[in-house]
Amino acid sequence: MIHKKLVNFPENFLWGAASAAYQVEGAWDEDGKGPSNWDAYVRIPGTTFKGTNGDVAVDHYHRYKEDVALMAQMGLKAYRFSIAWTRIYPEGSGEVNEAGLKFYDDLINELIKNNVEPIITLYHWDLPQALQEAYGGWESRKIIEDFSNYCVTLFKRFGDRVKYWVSLNEQNIFIMHGYLSGAHPPKVMDCKRMYQANHIASLANAKVIQYFRKVVPNGKIGPSFAYSPAYASSSKPEDVLAYENAEELNSFWWMDVYAWGEYPKAVWNYLEREGLAPTIEDGDRELLKAGIPDFMGVNYYRTTTYEINSLAGVGAGQMNTTGKKGSTPDTGIPGLFKTIRNPNLEATDWDWEIDPIGLRIALRRITCRYRLPILISENGLGAFDTLEEGDVVNDDYRIEFIRRHLEECKKAITDGVDLLGYCVWSFTDLLSWLNGYQKRYGFVYVNRDEESEKDMRRIKKQSYYWYKKVIETNGKEL
């Protein structure tokens, strides 16, 4: 659709930014916190860029007041952050750690005092290592009870002040990287185990939403899905079918379960034939249908283009974690699809296609298929930023990236998408999981790198001032 006139962003639009506990907090073993799977994983040689870890990260645990003050100066309307499970239950279950609850109490109160809406993510990949060792983490149904108990503790403690909650962050990513590619903990490469762990995670997600309805009846909750809309590489029917395969296997497999409590039929049939379908026990389907969310959270960074892949074709490949542009190989599943570079799009140094229109397509597809409100829980640009003389960071490329994506959000709203808010990843620079500190996302530069923590000064980038103006004008000035 080409509109003659675009509608404005809603008056109550959540202009936000986001982070995750492991990537910003540091203080990995302070005040009673137990070790997470990432605390253990990063100590395996060769797993992260230059051996980086989140032991200190960007020290948000000790500097949260400074960071919230910067949010207030920007006029930020919402801040999405995750809670570290092991700060609340150091062993994953058992005795609660009051010091951990107090830290998040203080953070939430500081945000509210500065007119910033807190959005809590219940799980952003940092599983208690004790549960991984005790029963295999997400591969055991025991985690449903432990995860529910942890979440209910948070609902009861913070539900009087926090309206918006994200249940699981990027389930498709932590499950696929953890159990299929072996790039994340627990470093498993087994397709059958991956689909079973994923089913258990979906059950846990649904169960937690059930509890949420009882404890925080006036709140809103939904998962955040890492959505990379599929394109066909050509109009050849074989390539269109490959795109359909990819969209169903890589996206609908998760979102259909969230929104409808059902697995897509074609994918289920394929997995059954291959002996990969998860085991469904009595009550599972009913539980999935009982955990329908209030909104769909979307983490959008890129689209992916696909073409036909023969039965003897391309399989899995390695991620680009170095920032060496063009080093990512094509990947696929023989007989279903393979990726191919889209010649119509530029890409980042990490080979992520830059496709603002793809965000509008994502929002449209979700709206048409699921009829749910949408929260853009992540969107942003990872890049090599340079700190210049006089503490200046000219990140015009980031401004252009976000501006173009916001333009497409406005068009999507005009199309009829019910968009609750837009959270830029991220507010400050942070640890980028496998990519170290060189891949910077923030509005605020943090003066540290892989070799040294330096002084970790917070320095406003040019994008900080630009986004401040966007918020002041409610998106009228992009």
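In which helix does Q129 lie? Q129 lies in helix α6, where helices (H or I, at least four residues) and strands (E, at least two) are DSSP runs numbered from the N terminus. The structure is a predicted model, in which local features need pLDDT of at least 70 and side-chain atom pairs count only at pLDDT 80 or more, while totals for chains, interfaces and linings use all residues. Residues are numbered from 1 along each chain as its sequence is written, and side-chain values use heavy atoms, with hydrogens and water left out.

Q129 has a relative accessibility of 15% and therefore counts as buried; the term buried applies under 20% relative accessible area, exposed over 50% and partly exposed in between, with a 1.4 Å probe and protein chains only. Leaving aside residues up to four places away in sequence, Q129 touches P35, S36, N37 and A40, contact being defined as heavy atoms within 4.5 Å. From R403, Q129 is separated by 274 residues in sequence and by 40 Å in space, C-alpha to C-alpha.

The strands may be followed next. Two strands pair if DSSP finds at least two bridges between them. Strand β2 (residues 78-82) pairs with β3 in the parallel sense over five bridges, and R80 stands opposite I119 in β3. Strand β3 (residues 117-123) in turn pairs with β4 in the parallel sense, over four bridges. Across this pairing, I119 stands opposite Y164 in β4, and Y123 stands opposite L168 in β4. Strand β4 also runs parallel to strand β5 (residues 220-226), to which four bridges join it; here V166 stands opposite G222 in β5. Both β3 and β4 are mostly covered: six of the seven residues of β3 are buried, as are six of the six residues of β4 (residues 164-169).

Helix α8 (residues 171-179) is likewise mostly covered, with seven of its nine residues buried. These buried residues are Q171, N172, F174, I175, H177, G178 and Y179. They pack against the strands β3, β4 and β5 and the helices α6 (129-135), α9 and α10.

The axes of α7 (residues 142-158) and α9 (residues 191-215) come within 9 Å and cross at roughly 30 degrees; axes are lines fitted to C-alpha atoms, for helices over the stretch in contact, and angles run from 0 to 180 degrees between N-to-C directions. That angle makes α7 roughly parallel to α9, since angles under 35 degrees count as roughly parallel, over 145 as roughly antiparallel, 65 to 115 as roughly perpendicular and the rest as oblique. The crossing of α7 and α9 is right-handed, meaning that the near helix is turned clockwise from the far one by less than a right angle. In this contact, α7 contributes I143, I144, F147, S148, C151, V152, F155 and K156, and α9 contributes I200, L203, A204, K207, V208, Y211, F212 and V215. By class, the contact of α7 with α9 has 13 nonpolar, one polar and two charged residues; Ala, Val, Leu, Ile, Met, Phe, Trp, Tyr, Cys and Pro count as nonpolar, Asp, Glu, Lys and Arg as charged, and the others, Gly among them, as polar.

The axes of α9 and helix α10 (residues 237-260) come within 10 Å and cross at roughly 30 degrees. The two helices are therefore roughly parallel to each other, and their crossing is right-handed. The contact is made by Y195, N198, S202 and N205 of α9 with L249, W253, W254, V257 and Y258 of α10. It has six nonpolar, three polar and no charged residues.
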